[in-house]
Amino acid sequence: MTNSIQKELSIEQREELLETLKARFEKNMNRHEALVWDKVQAKLVANPAKLWSLHEMERTGGEPDVVGHDKETDEYIFYDCSTESPKGRRSVCYDLAGLESRKKHKPENNAIDMATDMGIELLTEEQYRALQELGNFDTKTSTWVQTPSNIRELGGALFCDYRYGQVFVYHNGASSYYASRGFRGSLRV
């Protein structure tokens, strides 16, 4: 967990991240056709904590990109857009309770705490389905998604993947973890 890490980027890290995000934005205009990079960048520069969160998304293999703009709040919406579940966020239980319930072979972390430490939220099932409208993601991996409390109270958690041209939503014990299952996040800036 990264609670003790300073959540501030150096000038070099900031500039490198902005270049990476701009290149990805321009390469994938189908994800945000009516949006303009200069407006997105102005929001990012004005919100260093959010820029740090995007850096964490990038550092862990998420390849964050803009997928929308909320006109009511004037916020740009970023999702992890890596083809497969981010490599730096795999092999984790769903949450701390799931992790602590494991008797043997505990992974190092859990999705909920990692996302919180990064300043992002796990995608919801609805957001995951919206992401799949922008391309084919998780054709070989799977992704934990936000789980309703009634399912979580019974020990379960939800995950999704994309197979056979369709999004599948599954359940597993929250204590489970697999090398091919990670989590995707969302961030509003």
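The model is predicted, so local features need pLDDT of at least 70 and side-chain atom pairs count only at pLDDT 80 or more, while totals for chains, interfaces and linings use all residues. Residues are numbered from 1 along each chain as its sequence is written, and side-chain values use heavy atoms, with hydrogens and water left out.

Start with the open sheet. Its 4 strands run in the order β1-β2-β8-β3, with antiparallel pairing. Helices (H or I, at least four residues) and strands (E, at least two) are DSSP runs, numbered from the N terminus. Two strands pair if DSSP finds at least two bridges between them. β1 (64–70) and β3 (121–122) stand at the edges; each has a single partner strand, so one side of each lacks a neighbour in the sheet. Further in, β2 (residues 75–80) and β8 (residues 185–188) pair over 3 bridges. There, Tyr-79 stands opposite Ser-186 in β8.

Now turn to β5 and β6. β5 (residues 156–163) and β6 (residues 166–173) are antiparallel and share 8 bridges. Leu-158 has His-171 in β6 as its bridge partner. The two strands form a hairpin with 2 residues between them. Tyr-164, in the turn, has a positive phi of about 55°.

Next comes helix α3 (residues 48–59). Its 12 residues should span 16 Å at 1.5 Å a residue, and the end C-alpha atoms are 16 Å apart, which agrees. That expected span is 1.5 Å times one less than the number of residues. Gly-61 follows α3 and has a positive phi, near 90°.

Which residues of α3 are buried? They are Leu-51, Trp-52, Ser-53, Leu-54, His-55, Glu-56 and Met-57. Buried means under 20% relative accessible area, exposed over 50%, partly exposed in between (1.4 Å probe, protein chains only). His-55 counts as buried because its relative accessibility is 17%. Beyond its neighbours within four places in sequence, His-55 is in contact (heavy atoms within 4.5 Å) with Leu-9, Gln-13 and Leu-17. The cover over the buried residues of α3 includes α1, α2, β1, β2, α5 and β8.

Finally, the cores. A nonpolar core is a set of buried Ala, Val, Leu, Ile, Met, Phe, Trp, Tyr and Cys residues joined through side-chain atoms within 4.5 Å. The largest has 31 residues; Val-40, Leu-44, Leu-54, Phe-78, Trp-144 and Phe-183 touch the most other members. α1 (11–27), α2 (37–46), α3, β2, α5 (111–118) and β5 each supply at least two of its residues. Another core lies apart from it, with 13 residues, among them Leu-123, Leu-131, Leu-158 and Cys-160.
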